[in-house]
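Subject: Structure handover and notes

Dear colleague,

I am passing on the structure below, together with my notes on it.

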Amino acid sequence: MQLLLLWVAVHAAAALVHTTTLPHKTRLLATTTLVDRALDTLEDATLHLTRLSEGDAQDVGPRNDDDDRATLVVLGSGWASHALIKVVDANKYRVVVVSPRNHFVFTPMLASAAVGTVEYRSMTESVRGANPLVQFVEGAATGVNLDQRYVMVQPVPLGGDAPAPQRISYDALVVA
């Protein structure tokens, strides 16, 4: 299946580039760029489909005795966090993302959204959508204990009283 998609991408790129009146080196560069982008897209789609077939992540809580994965806690949902959770192997790491916002915003497009040329929903991606196998805690990190390796998190109140702070232990911490 992947080879078929690769073949289609290469031939589509070649057909597109050969219909233009560009110099040979420029056409070669354009073909190479299109093929590279097609391969990146194919790799991302394959990774995402593999994750979807593996099921959803479980709720954040104490680590199960049979779960021997290292816990990776990621603080924030910005550029670095988004890039990391898209590529991290959730089979090797128990990934917990802590952020008061449950989405990533592609900030260079904010101006376009403000004037109406781009819809806001096309420039955001949910944390769970980037990698459905990561666990997400909607809250603010209020403290980090580096010696005992845990993060204190104040969950975002959804109405009513504020929930009790959570303590999340980690093996590795990323402040993104």
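Throughout these notes, two residues are in contact when heavy atoms of theirs lie within 4.5 Å. This is a predicted model, in which local features need pLDDT of at least 70 and side-chain atom pairs count only at pLDDT 80 or more, while totals for chains, interfaces and linings use all residues. Residues are numbered from 1 along each chain as its sequence is written, and side-chain values use heavy atoms, with hydrogens and water left out.

Overall layout

Of its 176 residues, 27% count as buried, where buried means under 20% relative accessible area, exposed over 50% and partly exposed in between, with a 1.4 Å probe and protein chains only. Among contacts in the protein chain with a separation of 6 or more, 54% are between residues 24 or more positions apart.

Nonpolar cores

A nonpolar core is here a set of buried Ala, Val, Leu, Ile, Met, Phe, Trp, Tyr and Cys residues joined through side-chain atoms within 4.5 Å. The largest one has ten residues, namely Leu72, Val74, Ile85, Val88, Val95, Val97, Val127, Ala130, Val134 and Phe136, and β1 (70-75), β2 (93-99) and α5 (127-130) each supply at least two residues of it. One of its members, Leu72, touches Leu84, Val88, Tyr93, Arg94, Val95, Val96, Ala172 and Val174, when residues up to four places away in sequence are not counted. A second, separate core of nine residues includes Val96, Val98, Val151 and Val153.

Ser81 is found in helix α3 and, because its relative accessibility is 1%, counts as buried. Setting aside residues up to four places away in sequence, Ser81 touches Val74, Gly76, Val97 and Ala176. A search of the whole structure finds one aromatic pair, a pair being rings of Phe, Tyr and Trp (its six-membered ring) whose centres lie within 6.5 Å, with planes under 30 degrees apart counted as stacked, over 60 as edge-to-face and the rest as tilted. The rings are those of Trp79 and Phe104, and since their centres are 5.2 Å apart and their planes stand at 85 degrees, the pair is edge-to-face. This pair links distant parts of the chain, with Trp79 in helix α3 (residues 79-87) and Phe104 in strand β3 (residues 103-105), 25 residues apart. Trp79 counts as partly exposed, because its relative accessibility is 46%, whereas Phe104, at 8%, counts as buried.

Strands β5, β6 and β7

Strands are said to pair if DSSP finds at least two bridges between them. β5 and strand β6 (residues 150-155) pair in the antiparallel sense over six bridges, and four bridges join β6 to strand β7 (residues 166-169), again antiparallel. Within the latter pairing, Val151 has Ile168 in β7 as its bridge partner.

Gly139, in strand β5, stands opposite Pro155 in β6 and is buried, with a relative accessible area of 1%. Beyond its neighbours within four places in sequence, Gly139 is in contact with Val98, Ser99, Pro100, Val153, Gln154, Pro155 and Val156.

Asn145 also lies in β5 (residues 135-145) and, because its relative accessibility is 21%, counts as partly exposed. Apart from neighbours within four places in sequence, Asn145 is in contact with Tyr150 and Tyr170. Its side chain reaches the backbone nitrogen of Gln148 at 2.9 Å.

Lastly, Arg167 lies over the face of Tyr150, at 3.7 Å from the ring centre; the criterion is NZ of Lys or CZ of Arg within 6 Å of the ring centre and within 35 degrees of the ring normal.

With best regards

Key. Polar contact = N/O pair within 3.5 Å; in protein donor to acceptor, adjacent residues only side chain to side chain.
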